[in-house]
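Here is a short briefing on how two parts of one chain meet. Look over the sequence and the structure first.

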Amino acid sequence: MEAAKKAAGCTAIDRHVKNNQIIGIGSGSTIVPAVQRLAERVKQENLEVKCVPTSFQANQLIVENGLYLTDLSRNPKLDVAFDGADEVDESLNLIKGGGGCLTQEKIVASCADTFIVVADERKDSKHFGQQWKRGVPVEVIPMAYSPVMLAMRGLGLTPVLRMAKEKAGPVVTDNGNFIIDFQFGNVENWEELNREVVMIPGVVETGLFINMASEVIFGKPDGSTYTRKKGN
C-alpha cells in the first residue's frame with residue numbers, strides 16, 4: 001500500500017500547502033511521504049513554512065527533511081494540520097492512536113483552521129470496527145489505569161492495557177502515560193461515549209476524533225485518490 005500512502009500524502013500537500021503557513025505534522029507511515037513532498041515543495045518553490053510536530057517521530061521527520069521546526073508555545077494557531085488515521089467512519093469521525101501519539105495529535109489538530117487526514121483506502125469504513133479491530137485507544141495516568149478500566153467496564157466496554165512488544169511492561173507514551181484500548185459493541189452516539197470516557201478521572205484523552213476532520217484523502221494502490229469532505 002506504499003503507492004496509496006504516497007498518493008494520499010502528496011495530494012494533501014499539493015492541495016493545501018501555501019506560502020507562509022504554520023503547519024501541524026502528524027505521526028504514522030502515511031505522513032512520511034507527505035513530509036517528503038512538503039520538503040520538495042519548500043525547496044522547489046522557496047516556500048516559507050513552519051512545522052509543529054505531534055510526537056517525537058514527527059519531530060525527527062521534520063528535522064531530517066530540513067524543515068523549519070517550531071512548537072505550540074511559539075505558534076498556538078495553525079493554518080493546517082496533516083495526520084493519518086486508523087479508521088474513518090461515514091461521518092468523518094476518526095479512531096487514532098494506534099501508534100500511541102493520540103493526545104498530542106488531538107491538541108495539534110484542534111489548533112488548526114483546517115485538519116486534513118491522509119490514509120490508504122483500507123481505513124475507509126461505514127462504521128467503527130469494520131476495518132480497525134484493535135479498539136479505541138485511551139491515554140491514562142499510570143496510577144489510574146486499574147480504576148479507569150473498571151469504570152470503562154461499567155460503560156459496557158472491554159478495556160485492555162496495551163503492553164509493549166520489545167520490553168517488559170506497558171506501552172509508555174511520549175507523555176509518560178499508559179494506553180488502554182477498549183473494544184465496544186453497538187454504539188449509537190460516539191460523541192456521548194467520548195465525553196463519558198474523558199470524564200473518568202485519570203483519563204488524559206481518547207483516540208476518538210469526533211467532528212474534527214475537514215477533509216479525508218484516501219489513496220488507492222494504483223496511485224489514484226478520492227476525497228471525502230465534511231458535510232458531504
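Predicted model: local features only at pLDDT ≥ 70, side-chain atom pairs only at ≥ 80, totals over all residues.

Residues are numbered from 1 along each chain as its sequence is written, and side-chain values use heavy atoms, with hydrogens and water left out.

**Domains**
- The chain is assigned domain 1 (1-126 + 210-229) and domain 2 (136-205); such bounds come from an automatic or database domain assignment.
- Their C-alpha centres are 25 Å apart.

**Interface**
- In domain 1, 14 residues are in contact with 14 residues of domain 2 (contact means heavy atoms within 4.5 Å).
- The two domains bury about 1,100 Å² between them, with 56% of it on carbon and sulfur atoms. Buried area is the accessible area (1.4 Å probe) that two parts lose on being put together, summed over both.
- Leu 102, Thr 103 and Ile 210 supply 38% of the area that domain 1 buries against domain 2, more than any other three residues.

- The rule finds one salt bridge across the interface (a side-chain nitrogen of Lys or Arg within 4 Å of a carboxyl oxygen of Asp or Glu).
- Lys 106 forms a salt bridge with Glu 205; their closest N and O atoms are 3.0 Å apart.

**The domain 1 side**
- Helix α4 (residues 102-110) gives the most to the side touching domain 2, with four residues. Helices are DSSP runs (H or I, at least four residues), numbered from the N terminus.

Key:
Helix = DSSP H or I, 4+ residues; strand = E, 2+ residues; numbered from the N terminus.
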